[in-house]
Number of protein chains: 2
Amino acid sequence: MDAAAGLAAAAREGTPTRARTRAGEANMERILDAATEVFSAYGFHGARIGDIAEAAGMSKPNLLYYFPSKEALYSAALAQTLEMWVVPLGEMDETQEPAAAIGAYIVRKLEASRDKPAASRLFAMEIIQGAPYLMPLLTGPLKTMVEEKIATMRQWIAAGKLAPMDPLHFIFTIWATTQHYADFTVQVRALTQSDLSNPAFFAAARDNLLNVLLNGILPRP
Amino acid sequence: MDAAAGLAAAAREGTPTRARTRAGEANMERILDAATEVFSAYGFHGARIGDIAEAAGMSKPNLLYYFPSKEALYSAALAQTLEMWVVPLGEMDETQEPAAAIGAYIVRKLEASRDKPAASRLFAMEIIQGAPYLMPLLTGPLKTMVEEKIATMRQWIAAGKLAPMDPLHFIFTIWATTQHYADFTVQVRALTQSDLSNPAFFAAARDNLLNVLLNGILPRP
DNA sequence: GTCTATAAGCGGATAGAC
DNA sequence: GTCTATCCGCTTATAGAC
């Protein structure tokens, strides 16, 4: 979707890189993956450039050859994360049936929590810490997109396809519940000895969410 | 409730303090409040003892007179936070009607997000970072308590007072949705220009949650 | 109990050889 | 492009006067 792609692209702006060779690109990818992992686990200040370099299999100065500073690296890791975060929302539109559209969105978000948990945690930490890097994107493109989706849900309600409810708070409810499994994995694991990477657990989480959330908003027959 | 009090008390263990005078106690409280604020905003590593001291209105060495190290201070702030986190869960028991009991729990948690948002964020950061301090409490007392509440919900389901569902995932759903308003305040504010401290916004969030979550689990008439 | 001054160590970033 | 060696600033924690 356009808005989502634009949002992610906007986040990438102002991130000076290096080296356009094939090996260089591969290195940058390894660095970004390592950075996502380490930043999400220790926060911006707690993360050590040396740890990221080690995880990426290179020396500290070599990492700094590709990304000029810790801030630039953090910013780049966040930008990569954003894409995963907003694209699924863009896929929901008013031509679909609400139960199918919202159900698909919930499942996509839950899959994202399963497949890229560190990215979800990185995003969560950035927001918790006040969104120093992402704030312009929240108040700009993300807001526009959310308003679009609220309008879609209002149409569904007007058409009697959804029970009357507050679409904005319902979007928060979807975000909160699906991201919880990634952001609070450690707590989930402590209480269940399992997580989304276990197919049976994933299915149970998915069924609970579809069941509770869709039952909560579909009109009573 | 006993389990909840025990949990919070356990978290306080091993936190050597100082000074038992009245003024000393007041200072320690001011320090803990400041610490909760600063640690939740910057993370453990990002937080500066100097900033906490300033926010508490005293010098850095004086703060270190009350708490022997940054770690001890962090640990103490977390312990204070835990109480707020677990006590409401303990209040839910099988003598109540499920809709009333669960509804009351949701509202209590949402009030906690409104009244102590920094504490919620501190807890979230600790979990996201792997729960280095709280892990023993998660696998021990918290787990016991959650299992108790799951049993309660199973009784309600067996009695036909709740639709068949997965109580554990439903508890995650409640935690996720209520804490979202504290942990992601910055995003919520960016999208709505409001937050839980605004009574109308609080009412809208509460009504959405009660509506969606309770509709989702009450048996169809 | 509270302060000033300072010690000690760590981590981001750079210089410069290869 | 990648490394070793090093600089410099910043922050925790302590010493010791008041």
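Select A:Arg108 first. A:Arg108 is partly exposed, at 32% relative accessibility. The accessibility classes, taken with a 1.4 Å probe on protein chains only, are buried (under 20% relative accessible area), exposed (over 50%) and partly exposed (in between). This is a predicted model: local features need pLDDT of at least 70, side-chain atom pairs count only at pLDDT 80 or more, and totals for chains, interfaces and linings use all residues. Residues are numbered from 1 along each chain as its sequence is written, chains are lettered from A and ligands numbered from 1 in the order in which they are written, and side-chain values use heavy atoms, with hydrogens and water left out.

**Stop 1: salt bridges**

The term means a side-chain nitrogen of Lys or Arg within 4 Å of a carboxyl oxygen of Asp or Glu. Why can such side chains pair? Side chains of opposite charge can do so when their charged atoms come close.

Now look at where the partners sit. A:Glu91 is in the loop between helix H5 (70–90) and helix H6 (98–115) of chain A, while A:Arg108 is in helix H6. The pair links distant parts of the chain, 17 residues apart. Helices here are DSSP runs (H or I, at least four residues), numbered from the N terminus. A:Glu91 is partly exposed, at 40% relative accessibility.

Next, select A:Lys143 and A:Glu147. Their salt bridge has its closest N and O atoms 3.6 Å apart. The two are separated by about one helical turn because they lie four residues apart in helix H8 (residues 135–158) of chain A. A:Lys143 is buried at 18% relative accessibility, and A:Glu147 is partly exposed at 43%.

Switch to chain B. B:Glu147 and B:Lys143 meet in a salt bridge of 3.7 Å, N to O. Both lie in helix H8 of chain B, four residues apart. B:Glu147 is partly exposed, with a relative accessible area of 42%; B:Lys143 is buried, with 19%. Over all chains, the whole structure holds 13 salt bridges.

**Stop 2: helix H6 of chain B**

Select residues 98–115 of chain B. This is helix H6, with 18 residues. From its first C-alpha to its last, helix H6 reaches 25 Å, close to the 26 Å expected at 1.5 Å a residue. The expected span is 1.5 Å times one less than the number of residues. Color its buried residues, among them B:Pro98, B:Ile102, B:Tyr105 and B:Leu110. What covers them? The cover includes helix H5 (70–90), H7, H8, H9 and H11 of chain B.

**Stop 3**

Go to A:Ser120, in helix H7 (residues 117–128) of chain A. A:Ser120 is buried, at 2% relative accessibility. Not counting residues up to four places away in sequence, A:Ser120 touches A:Gln179, A:Ala182 and A:Asp183. Contact means heavy atoms within 4.5 Å.

Then pick A:Trp175, in helix H9 (residues 167–183) of chain A. Buried or exposed? A:Trp175 counts as buried, at 0% relative accessibility. A polar contact of 2.8 Å joins the side chains of A:Trp175 and A:Tyr105. A polar contact is a pair of N or O atoms within 3.5 Å; within protein, one must be able to donate a hydrogen and the other to accept it, and residues adjacent in sequence count only if both atoms are side-chain atoms. Leaving aside neighbours within four places in sequence, A:Trp175 is also in contact with residues of chain B, including B:His180, B:Gln187 and B:Leu191.

**Stop 4: where the chains meet**

Show both chains. The contact takes 58 residues from each of chain B and chain A. Together they bury about 4,700 Å², 67% of it on carbon and sulfur atoms. Buried area is the accessible area (1.4 Å probe) that two parts lose on being put together, summed over both. Select B:Ile128, B:His169 and B:Leu191: they supply 15% of the area that chain B buries against chain A, more than any other three residues.

How many salt bridges are there between chain B and chain A? The count is zero. Six residue pairs are in polar contact, both at pLDDT 80 or more. On the side of chain B that touches chain A, H9(B) gives the most, with 12 residues.

Finish at B:Thr192, in helix H10 of chain B. B:Thr192 is buried, at 16% relative accessibility. Its side chain reaches the backbone oxygen of B:Val188 at 2.7 Å. Leaving aside neighbours within four places in sequence, B:Thr192 is in contact with A:Leu168, A:Phe172 and B:Phe201.
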